[in-house]
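I opened my notebook to look up how side chains pair up here.

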Amino acid sequence: EVQLVESGGDLVQAGGSLRLSCAASGFTYDDYTIGWFRRAPGKEREGVSCIGSRYGSTYYADAVKGRFTISRDNAKTTVYLQMTNLKPEDTAIYYCALGPRGAWSAPHEYDYWGQGIWVSVSS
């Protein structure tokens, strides 16, 4: 059974920081990608960031470049999303996703999804 468990969502004031965690388990991929996506109220789902397991290659959406940082803890198969200088427009449900080698910024490239976690940024 593949499991993706997000944690760290909370309410935070604009300009504040928050760190999301994604713990992945039960999968058989030797080379894979873990990505973060979000769906804001009234908007479609968008890719936020992702990281590859082999070389640590990363992707960031333009809206979060310079503010968000993705990292990995290979020993525990955990991926983090450090979010700084948060803005009200960052308010959304954030999802962690697992895909095979080559998965990148599009949702359809991923095979497994976490339940999502709420991030609310107040002005």
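I counted six aromatic pairs in this predicted model (rings of Phe, Tyr and Trp, the last by its six-membered ring, with centres within 6.5 Å; planes under 30 degrees apart are stacked, over 60 edge-to-face, the rest tilted). One of them joins Phe 27 and Tyr 29, tilted, with 6.4 Å between centres and 45 degrees between planes. Ring pairs also bring in Tyr 32, making a cluster of Phe 27, Tyr 29 and Tyr 32.

Buried or exposed, I asked of Phe 27? Phe 27 is buried at 19% relative accessible area, while Tyr 29 is partly exposed at 25% (buried is under 20%, exposed over 50%, partly exposed in between; 1.4 Å probe, protein chains only).

Next, salt bridges: I found six (a side-chain nitrogen of Lys or Arg within 4 Å of a carboxyl oxygen of Asp or Glu). Arg 54 meets Asp 31 at 3.5 Å, N to O. Arg 101 also bridges to Asp 31, at 4.0 Å. Asp 31 is buried at 15%, whereas Arg 54 is exposed at 53% and Arg 101 is exposed at 66%.

I then looked up Arg 67, which pairs with Asp 90 at 2.8 Å between the closest N and O atoms. Arg 67 is buried at 9%, and Asp 90 is buried at 0%. Salt bridges link Arg 38, Glu 46, Arg 67 and Asp 90 in a network.

My note on sources: residues are numbered from 1 along each chain as its sequence is written. Local features need pLDDT of at least 70, side-chain atom pairs count only at pLDDT 80 or more, totals for chains, interfaces and linings use all residues, and side-chain values use heavy atoms, leaving out hydrogens and water.
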